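Please examine the sequence and the three-dimensional structure shown below. The paragraphs that follow lead through selected parts in turn.

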Amino acid sequence: MAFVQFSKVSLAFGDRDILKDVSVNLQTGTKAALTGSNGAGKSTLIKIMAGLVEPDSGERVAQKDTRIAYLPQSGLVHHGCSLKEEADKAFQWGYEIQEKIDEIGERMKHSPDQADSLAVEHSELLSKLEDSGWYRRDALSESILLGLGFSREDFAKQTEEFSGGWQMRIALAKALMCGPDILLLDEPTNYLDIEARNWLEKFLSDFKGGFLLVSHDRYFLDHTVDVVYELFGGDLKRYPGNFSHYELVRQTELESLIKAYEQQQEEIHHLEDFIRRFGYKATKAAQAQERQKMLDRLLENKIEIPESLKKIHFSFPPAPHSGQLVATLTGVTKSYGGPNVINGLDFVLEKGERLVVAGRNGAGKSTLLRIIAGVDKDFSGEVKLGAGVSVGYFSQDSAEKISGSESIIERLESKCPLDLIPKARDMLAAFLFRGDDVFKSIDVLSGGEKSRIALLELLLRPVNLLVLDEPTNHLDMHSKDVLLDALKDFGGTVVFVSHDRGFIEDLATRVLELHPGSHRNFPGDYRYYMQRLEDEANGTVGEFSFSSQTGGATSGKVQEKRAEQKNQAATENASAGKLAWEEQKKLSAERRKIEKEVERLENQIAQAEEKKKELENRLSNPEVYSDGEKSRAVQREISETDSELEKLNAAWEEACEKLG
């Protein structure tokens, strides 16, 4: 059985212990995650496991011929050949075996006296090559590249044509292709879209070897690992089960730890207070010295709480009031010189929605968000924002606008509402700026750090429409949880793109799926959307496209027309004083009668629309849509409600026309 293991491994950087007598064993069948706060030493531990860093003490042992593949977080660049040729380098071990086979064949020709022993070695190498899948390498290479999001057209491209994120996908592909016994993956999902993450999740679930990975994607970990190692303060502790189970167990431990921490802090405070008050008094000197010794012993065994497990909660400024209709997109079309990326998109966004825009890379997700936010104005069609709508937009480019010589804490406090200034340190801690990090100058921050500052600043602004493009990039799990809680409590509307499935499932209330030149609207959460896709792929349900001109759009157009008609009525009422008093009185009575009728019809329309939404929600229930009879019954009710809405809207328009 292939394995690699540590035994009492220690490593220190200066006076800081990264690893203290750590022991761990990875073998065939191991499916493990490595967790810990930022800076705990996770990447260092993986590098030691890969044989790239030597520990100060202890032993690293690997079974003979164990093939270990290691993927770092970033920094790999490929050049000088095509993607297909670069991928083929992952099979170098096979070429080396083939060379040995050829060499033995030549020796057998010239050394007949060694033919028997050479024939045995020749046969063993041939069997090894056959069992390894060497002769199926082209199919394996193509399958992995396609699974990670490359197209067949990409195979002939030179590797230097690919961006940094795609360079890391190439590196990941090669790690998976090389037939490893042990995989060591440091943040493999960082540069993957959700489709590629889903593919990698399945690959690891079916993987016969062992793996240890670091990831901040809770959903991904829950579906791939069955054991979690936590690195904290140089110690490594093993927790059987998936990541959610680890968090539950660790939370129970943390509650006891916090209680002991608080008691210790109180004792430290009392000792320090005594020493400060009586340390210089001759009559108390002996007692003060004794207290100092007690304090020193406490500080030597000071309890620390993992930053990754500290729960920080805070509320963002209330969202300003807006109308029910937040944004109406009509015929939106966008091209970059070739085929339309977005083609004739009609869509209505209503107050309180958490809309996720889904689709593969290149489908136009980021483009659509820029259009909604008003950043991209080079398109045809119309985007109309509702009354009182104020937009806050975040993208990875937001980091480029962050500059200055002031410290992080100074910048944040200058932009904080007054009531949130006392919580500035907590907010920064939630976004991974802890301890002395808050005093760093803005100009020395990395791109990822600036992105976190830009996101935090946006969330402190009083807006009611948040447009967020990949807000969870550069955040750890704890930070994602803080952001998720804040967005759930947010009183406005959210449109977002994310590659973190757990984050999407917990937040999205509606899904807009984009394909190059087309789109589909799914009025349900992300689990419902994924179930629909699975059912369609399995042929268990016919493809059902929720047109963006039904439901919400109908409601939005009605509301828009209502507002227009009411404004017109108000204008005409203002000029009614020019009529004779008797005629005005008569007209006013007739108008009041019609206005009551309009109000009655509007109430009925609202009730019918609410009924339709309830029916659509019922249709998204697996117990309903998986049962043909129940599904058809609900569809009939939806059709009947649509007919009723059509009649009510016609009557409402007729009544509005009578108003003038």
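This is a predicted model: local features need pLDDT of at least 70, side-chain atom pairs count only at pLDDT 80 or more; totals for chains, interfaces and linings use all residues.

Which side chain meets that of Arg527 in a salt bridge? The partner is Glu505, with 3.3 Å from N to O. Here a salt bridge is a side-chain nitrogen of Lys or Arg within 4 Å of a carboxyl oxygen of Asp or Glu. Arg527 belongs to helix 17 (residues 526–538) and Glu505 to helix 16, so the pair ties together parts that are 22 residues apart in sequence. Helices (H or I, at least four residues) and strands (E, at least two) are DSSP runs, numbered from the N terminus.

Residues are numbered from 1 along each chain as its sequence is written, and side-chain values use heavy atoms, with hydrogens and water left out.

Glu505 also forms a salt bridge with Arg501, where the closest N and O atoms are 3.1 Å apart. Both of these residues lie in helix 16 (residues 501–507), and their separation of 4 residues is about one turn of the helix. Their exposure can be described by relative accessible area: buried means under 20%, exposed over 50%, and partly exposed in between (1.4 Å probe, protein chains only). Arg501 is buried at 14%, and Glu505 is buried at 11%. Arg527, by contrast, is partly exposed at 45%.

Salt bridges occur elsewhere as well, and a search of the whole structure finds 26 of them. In general, side chains of opposite charge can pair when their charged atoms come close.

Ala33 is found in strand 3 (residues 31–35) and is buried, with a relative accessible area of 1%.

The next element to consider is strand 10 (residues 325–335), which is mostly covered, as 8 of its 11 residues are buried. Two strands pair if DSSP finds at least two bridges between them. Strand 10 is joined by 7 bridges to strand 11 (residues 340–350), and the two run antiparallel. Ser335 stands opposite Asn340 in strand 11. These two strands form a hairpin with 4 residues between them, and Gly337 in the turn has a positive phi of about 105 degrees. Strand 10 also runs antiparallel to strand 13 (residues 380–385), with 5 bridges joining them. Thr330 has Glu382 in strand 13 as its bridge partner.

Finally, the surface carries a patch of negative charge, where Glu96, Glu99, Asp102, Glu103, Glu121 and Glu124 gather. Patches are made of residues with over 30% relative accessible area and no salt bridge; like charges are joined within 9 Å, and nonpolar side chains (Val, Leu, Ile, Met, Phe, Trp, Tyr) within 5 Å. Helix 3 (92–110) and helix 4 (115–131) each supply at least two residues of the patch, and helix 3 gives the largest share, 4 residues. Glu121 lies in helix 4 and is partly exposed, with a relative accessible area of 37%.

Note on methods: Accessible areas come from the Shrake-Rupley method with a 1.4 Å probe; for residues, only the protein chains shown count as cover. Lys and Arg count as positive and Asp and Glu as negative; His and the chain ends are not counted. The place of a charge is taken as NZ of Lys, CZ of Arg, CG of Asp or CD of Glu.
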